[in-house]
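Good morning, colleagues. Please look at the sequence and the structure on the screen, and I shall then speak about aromatic rings and pockets.

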Amino acid sequence: MYEDTALKAYKRKIHWQVLLVIIIVLIFVINVAGLFAGAVFYKEFCVLNTRTSLERFNPLKSRLQRGLQTKNWHSTNIQSPFGYYLKGTYLPYAEPSNKTVIIVHGIAANRLMSLWYVNIYLDQGYNVLIYDSRAHGESGGTSTTWGFYEKYDLEGWVKWVASEHPKGVIGVHGISMGAATALMQAQLNESSKQVDFYIIDSAYSNLEDLLTKQIGAAVNSHNPLWIKTLLKYSSAVAYIQNRFFYEDVSPIHAVETVTTPILYLHGETDPLVPVSMSHQLYAATKGYRQIHTFPDTGHAMAIFDSQAEYRNVITHFIETTTK
């Protein structure tokens, strides 16, 4: 009887040990699979394609070259606090001016994209600085971080402009990822107040929320749990690779402390970044802000679809906030 009891106890012990091993193996396999899927997503999302498929900007190359040759435009660069160099082009106004706007392009673009916007400011007597963001164009960096490290690069350009024009007026105009970058830099600006206004076109309010919506729409899934799980693994890979989490990219958190004037612009039929995100940002902004939306307009397309209206809204905002 004693031997039967001891044998049963031993078998139970073996059973639980085997079960524990199976659970550990399953957890290991699931995490390995999750990290692998996360790494694939991270590479596609943050590393690949930032310097490819730029043919749409080819017509702007000749304009840049003409400006460099005939309009006193000139190349410039600064070193990022993270070691790589950022390449830019400075477009001075025809007469000496201490007013400058920095234009920050979107994902998978370069400074050529910013040429679509420069006349808005040159016509108002502003100098314009355009530059290639981290891991884009001619700038260094091996991956994009959707605004997390880019905000510090933008801060470097703001300091460069401030050194060129002490006590001058500085504005920042960001498009899409550039807009999110500008909003997060605006939080840094609270201590220095070097930037006087922000023009924010098609910004996302929170990167994880945007990715959850976009992935769900792409695969027609109404259950975000697996998407959020994938993003957590991918975010872990982002931290391993570049020491940032997707959740760190949260412009809506940044604007809660921003008092510099902000103008939000957004297309009402934007399929990439919902217009509701600009309304969320507007509601969360601590300081003076305005919002203007464009009916029947897609992602960052107002500059083309409603060019005169786009220009007039910006001009009126700047006149109102810098007088």
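**Aromatic pairs and pockets**

In this predicted model, the count of aromatic pairs comes to 21. Let me begin with one of them. The ring centres of Trp 157 and Trp 160 lie 6.0 Å apart and the planes meet at 80°; planes over 60 degrees apart count as edge-to-face, so this pair is edge-to-face. Both tryptophans belong to helix H5, which covers residues 150–164. They are three residues apart in that helix, about one turn.

A second pair, Phe 244 with Tyr 246, is tilted: the distance is 6.1 Å centre to centre, with 55° between the planes. Phe 244 and Tyr 246 are both buried. These two residues also belong to one aromatic cluster, whose members include Phe 41, Phe 45, Phe 82, Trp 146 and Tyr 204.

Two arginines also deserve mention here. The charged end of Arg 243 is placed over the ring of Tyr 239, at 5.0 Å from the ring centre. Likewise, Arg 289 has its charged end over the ring of Tyr 282, 4.4 Å from the centre of that ring.

I turn now to the pockets. Rolling a probe the size of a water molecule over the atoms shows where empty space remains. The largest pocket has a volume of about 530 Å³, and 26 residues line it. Which of them lie nearest its centre? They are Ile 107, Trp 146, Ser 176, Leu 272 and His 299. Trp 146 is also a member of the aromatic cluster. Helix H1 (2–47) and helix H7 (207–219) each contribute at least two lining residues, and H7 gives the most, with four. By class, the lining of this pocket has 21 nonpolar, four polar and one charged residues.

The second largest pocket has a volume of about 210 Å³. Its lining comprises 15 residues, and those nearest the centre are Asn 110, Arg 111, Leu 112, Asp 132 and Glu 138. Helix H2 (58–70) and helix H3 (111–114) each supply at least two residues of this lining; the largest share, five residues, comes from H2. How do the lining residues of the second largest pocket divide by class? Five are nonpolar, six polar and four charged.

Thank you for your attention.

Conventions: Residues numbered from 1 in each chain as written. Predicted model: local features only at pLDDT ≥ 70, side-chain atom pairs only at ≥ 80, totals over all residues. Heavy atoms only, no water. Phe/Tyr/Trp six-rings, centres within 6.5 Å; stacked < 30°, edge-to-face > 60°. Buried < 20%, exposed > 50% of the residue type's maximum accessible area, 1.4 Å probe, protein only. Lys NZ or Arg CZ within 6 Å of the ring centre and 35° of its normal. 1 Å grid on protein atoms, 1.4 Å probe; cavity = no way out; pocket = protein on both sides within 12 Å on 5 of 7 lines; lining within 4 Å. Points joined across faces, edges and corners; volume = space filled by probe spheres on them. Nonpolar A, V, L, I, M, F, W, Y, C, P; charged D, E, K, R; others polar.
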